[in-house]
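Visitor: Could you walk me through this one, starting with a detail and working outward?
Guide: Gladly; here it is.

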Amino acid sequence: MRGARWWDPEVVSFKPSSVASGPVVPPLTRPQLAEARRVRAVELFEQGCPNAEVARMLGVHAESVRRWKRVWEKGGTHALRRRPATGRPPKLDDAQVEQVRTALEQGAQVHGFEADLWTLERVGLVVERVTGVALSRASVWRLLTGRLGWSLQRPERRAVERNESEIARWIAHEWPRIKRGR
């Protein structure tokens with residue numbers, strides 16, 4: 001990859017992270033994991049586990065467990081749930097994200113591009129065509145990696161002259177001879 005840049009459309013593309021068919025289920029986010037930990041703490045409180053035991057089982061500091069228990073005693077389990085994110089709502093709603101996913105899974109060539117590779121610019125164009133919403137490169141990146149679960153794929157560079165059968169022959173016959181020192 002010497003001399004190539006990560007943003008060069010001839011060098012990088014985006015593809016779904018998993019090869020399995022069906023919807024891609026992204027891993028739990030940090031806030032989701034934290035909420036699950038607090039809900040598990042409530043289950044342990046209800047079973048009568050001491051705070052120190054709860055902290056040890058969940059791998060958190062005892063002070064966090066004491067704070068969670070005070071909040072739980074005042075407001076119940078609901079008080080320990082995540083709050084909705086504040087700030088500007090996303091430009092694309094869930095239905096639009098699914099439209100984009102469907103369009104991207106059709107492939108780049110279906111959308112008029114020469115090579116079947118997705119770049120940030122190409123995805124941005126397709127998002128605008130499908131939803132009418134223009135996204136910045138950073139927003140396209142967050143859409144691909146965060147909401148769609150896709151990951152960056154870099155093509156493997158190989159010489160045009162590469163001869164697989166000659167390589168296999170060399171590994172089978174020449175390499176053992178060289179390794180023996182003959």
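Visitor: Which residue follows α2, and what is its phi near?
Guide: This is a predicted model, where local features need pLDDT of at least 70, side-chain atom pairs count only at pLDDT 80 or more, and totals for chains, interfaces and linings use all residues. Residues are numbered from 1 along each chain as its sequence is written, and side-chain values use heavy atoms, with hydrogens and water left out. Helices (H or I, at least four residues) and strands (E, at least two) are DSSP runs, numbered from the N terminus. The residue after α2 has a positive phi: G59, near 70°.

Visitor: Which residues of helix α2 are buried?
Guide: Buried means under 20% relative accessible area, exposed over 50%, partly exposed in between (1.4 Å probe, protein chains only). Within α2, residues 51-58, the buried ones are V54, A55 and L58.

Visitor: Which exposed residues does the face turned away carry?
Guide: That face of α2 is opposite its buried side. The exposed residues there are A52 and R56.

Visitor: What do the buried residues of α2 pack against?
Guide: Contact here means heavy atoms within 4.5 Å. The partners are two helices, α1 (30-46) and α3 (62-75).

Visitor: How many helices and strands does the protein have?
Guide: The elements run β-α-α-α-α-α-α-β-α from the N terminus. That comes to 7 helices and 2 strands.
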